[in-house]
Amino acid sequence: MPTSVRPEARNKWTQKSIEYANEKSYLDDLYAVYPVVHDNIRKINEQVMYKVENYFNHRDDINLIQSLLKLDLFPVKDSYVPYLRKSPNAIKKNPEIVKRICGDLYEMSYQELYKRCTEPKEANRQMGPMFRNWLRNGELSSYVKTESEFIRNSDDAILDGSDSSMMEFARRKFGYRRNKGLDFIARFNNRYVIGEAKFISDFGGHQNDQFVDAMETVKSELSDTSVLKIGIIDGVPYIVNKGKLFLELIKTEHNIMSALLLKEFLESL
């Protein structure tokens with residue numbers, strides 16, 4: 001879909017976000033919100049790895065599998081590993097599966113196996129706290145208040161708390177019914193705003209589910225109909241294309257916007 005015939009989004013904040021993402025230094029600016037930092041290595045139990053090395057060298061399939069399943073990260077991706085992790089008794093009952101998995105392990109050196117077990121967590125799984133950290137330390141930090149401060153008066157404010165505590169606050173105050181935590185609650189010009197923040201790093205699978213999750217929040221019903229619901233979405237959905245995420249963005253009338261436009265949105269209320 002050429003940018004020269006880029007369709008207009010129905011919601012002006014979504015349109016502003018699309019324009020920002022396609023015409024400005026979007027990723028450079030977004031890094032202030034989601035600073036991707038990889039740990040050098042994943043923390044690992046060295047006592048377990050000492051046993052793993054011994055079982056690996058002696059080709060002790062059963063004990064090797066049992067020991068590796070004690071770690072957070074299994075060194076090979078295999079659809080049967082989660083079952084063995086959740087049902088340890090299945091290891092001895094299914095020797096052919098164990099033999100096959102161990103065959104994949106023995107094809108690598110122990111050094112390679114160790115390296116795979118200590119790979120850092122995927123960056124997109126560390127995104128959760130980053131948005132709230134940005135609120136506390138970025139351009140909106142002066143508005144961030146604890147719950148006791150937030151309810152003390154009607155000043156412009158952003159509620160500071162965990163996703164579960166904000167969910168409970170929204171249930172009490174606004175009749176929020178989703179069994180899903182929130183990332184954002186604010187009050188500006190006596191208008192309350194709730195929302196979820198998502199960084200969608202790629203198309204498909206889990207990332208699409210994250211997009212759907214944010215959309216479900218803005219579509220959800222509240223007993224207090226004066227509350228504004230927003231989806232604070234960033235990442236690939238703003239890339240102009242014929243894909244599902246972009247097409248859903250431009251057709252929705254709900255307030256979907258980049259975190260980079262949040263301050264402007266709030267101060268416009």
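This is a predicted model: local features need pLDDT of at least 70, side-chain atom pairs count only at pLDDT 80 or more; totals for chains, interfaces and linings use all residues.
Helix H3, spanning residues 46–57, packs against H4 with the two axes 9 Å apart and at an angle of about 155 degrees. Because angles over 145 degrees count as roughly antiparallel, H3 and H4 are assigned to that class. The crossing of H3 past H4 is left-handed. On the H3 side, the contact is made by Val48, Lys51, Val52, Tyr55 and Phe56, and on the H4 side by Asn63, Leu64, Ser67 and Leu68. Sorted by class, the residues in this contact comprise six nonpolar, two polar and one charged.

Helix H4 (61–68) is also one boundary of the loop that holds aspartate 78, the other being helix H5 (81–86). The relative accessible area of aspartate 78 is 15%, and since buried means under 20%, this residue is classed as buried. Its side chain forms a polar contact of 2.8 Å with the side chain of arginine 100. With residues up to four places away in sequence left out, aspartate 78 touches Arg100, Ile101 and Asp104.

Serine 258 is found in the loop between strand E6 (255–257) and helix H14 (262–268). This serine is likewise buried, with a relative accessibility of 1%. The side chains of serine 258 and aspartate 234 are joined by a polar contact of 2.5 Å. Beyond residues up to four places away in sequence, serine 258 touches Ser17, Tyr26, Ile232, Ile233, Asp234 and Tyr238.

Key: Residues are numbered from 1 along each chain as its sequence is written. Side-chain values use heavy atoms; hydrogens and water are left out. Helices (H or I, at least four residues) and strands (E, at least two) are DSSP runs, numbered from the N terminus. Buried means under 20% relative accessible area, exposed over 50%, partly exposed in between (1.4 Å probe, protein chains only). A polar contact is a pair of N or O atoms within 3.5 Å; within protein, one must be able to donate a hydrogen and the other to accept it, and residues adjacent in sequence count only if both atoms are side-chain atoms. Contact means heavy atoms within 4.5 Å. Axes are lines fitted to C-alpha atoms, for helices over the stretch in contact, and angles run from 0 to 180 degrees between N-to-C directions. Angles under 35 degrees count as roughly parallel, over 145 as roughly antiparallel, 65 to 115 as roughly perpendicular and the rest as oblique. A crossing is left-handed if the near helix is turned anticlockwise from the far one by less than a right angle, and right-handed if clockwise. Ala, Val, Leu, Ile, Met, Phe, Trp, Tyr, Cys and Pro count as nonpolar, Asp, Glu, Lys and Arg as charged, and the others, Gly among them, as polar.
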